[in-house]
Amino acid sequence: MAGELVSSFKMTSDRSSLHVSHFPYLKFDNTPQMWWLNGLRISRELAAKLVLFFLPLFLFQQGQSLSFWPDQFSSLQRGVMWLALFFLVRNVVALITAIPSAQLISKIGPQRAIELSQLGFMMQFWLLLIGKDQAIWLVLAAAVLDGTQNLFWSSYFTLLSQNAVKTRFGADVGLINFLLHLVVLLAPILGGWLIMWQGFGALFLVGIVCVLVGMILALKLNVSEAKDRVSWTEFFSWLHERSYQKLAFSYVGRYSNDAALSIWPLYVFLLVGSVQEVGYLYSLALFLAMIVTYITAAGLDKLHNRRPFVFSGGLLSLLWLMRTQIGSIWSIVMIDTCDRLTASFHWLFFDKQFLVRSKGREALSFFAYREVIIGLAAVGFWLGFILIFGLFGWPLKAVFVVAAIGVWLSLLVREHKTE
């Protein structure tokens, strides 16, 4: 059973050479600072994709064997409820700590904050490692540490905003996403192999090593201070601006899509069993998405027409609605392939829009309040998930509808307040 689960999760999850191949040349910000930032993000993403990609599987399996559930709960209910509780705890902590984390960044600087967050990330993996054998309080402690990782994201995005040239944001984000696709392509395969041959413990240990590499890269950064006043009072004053309200809804929409994607592989397994035989098609879809990302990024900074963005959002919403009617392996493969190709452009354009808007003296506030909004959306999502699951059973079709609406909300993102 565990082997089939891991197999299914494996699938769900020099300028001259490019010129000769007739690929567009990506004119990104080629500075040491940006390279250290990119390296830090890649190493962290590798750790996340190795461990967090399989985290729903780990939590689902652990929750099935916990003894404190009501007797009437089925094995499926126990696994899914434990998964949802973990993410609820994680995001309650993220919401509570978003403003204090930004205030700490303002005092100690983004570089020290990143180093501190990397230590917390390693400790999170260590708690999962020693808590994997039914030590549920250690697993919940890992959820709490995961919730404090807005310390990393507010710092990272602030540094990205400070060091990237506004006219090259699309290329910079495109380069990062291109490299992240490489990680997404390889990490689930490596992670699945580790689980099957050595168990979850080996996976968590490799994740710790990847985070340690990121810590070394963080020490290479040469960071200026990020002095900024961040407070709940300012956050609520921003929320009174109509243009910021639209931006906030776009964040909520993005999170709804990402949260639904995080539990989609589990749904696939529970619906059709093992999908091992279509693994090569998933890998092909990821590879094509990587190429689409590179080609798109090369011209994204010159693209001012939003019609492709709106079209891709409509298509992604339709694909979520189609997920409510899937009934075969090949329909899943078709939907996932179309989703990966379309999402490569849509979310790249989305990221470029809000990052351009962040340029200025209040970048730290901008990203701190983004973490607050995402935290609110996440708590609402997982609390609703638990309530629906407890009252009506498996709520995934409702989640897919919410994700479809979320993609439409993402279209509210704009580069400037006055748009």
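How does Trp153 count, as buried, partly exposed or exposed, and at what relative accessibility?

Modeller: First, the basis. This is a predicted model, in which local features need pLDDT of at least 70 and side-chain atom pairs count only at pLDDT 80 or more, while totals for chains, interfaces and linings use all residues. Residues are numbered from 1 along each chain as its sequence is written, and side-chain values use heavy atoms, leaving out hydrogens and water.

Trp153 counts as partly exposed, at 22% relative accessibility. Buried means under 20% relative accessible area and exposed over 50%, with partly exposed in between (1.4 Å probe, protein chains only).

Now the rings. The structure holds 28 aromatic pairs. Rings of Phe, Tyr and Trp (its six-membered ring) pair if their centres lie within 6.5 Å; planes under 30 degrees apart count as stacked, over 60 as edge-to-face and the rest as tilted. Trp153 pairs with Tyr156: the ring centres are 6.2 Å apart and the planes stand at 90 degrees, so this pair is edge-to-face. Both sit in helix H8 (residues 150–163), three residues apart, which puts about one helical turn between them. Helices are DSSP runs (H or I, at least four residues), numbered from the N terminus. An α-helix has 3.6 residues a turn, so residues three or four places apart point the same way. Tyr156 is buried, at a relative accessible area of 0%.

Next comes Phe157. Its ring and that of Phe367 have centres 5.4 Å apart and planes at 20 degrees, so this pair is stacked. Phe157 belongs to H8 and Phe367 to helix H16 (residues 363–392), so the pair ties together parts 210 residues apart in sequence. Phe157 and Phe367 are both buried.

Ring pairs join Trp153, Tyr156, Phe157 and Phe367 into a cluster with Phe152, Tyr251, Trp347, Phe350, Phe354 and Phe366.

In helix H11 (residues 232–239), the buried residues are Glu234, Phe235 and Trp238. Viewed down the axis of H11, they fall within an arc of 105 degrees, so they line one face of the helix. That arc is taken from the directions from the helix axis to the C-beta atoms.

Definitions and conventions: Helix = DSSP H or I, 4+ residues; strand = E, 2+ residues; numbered from the N terminus.
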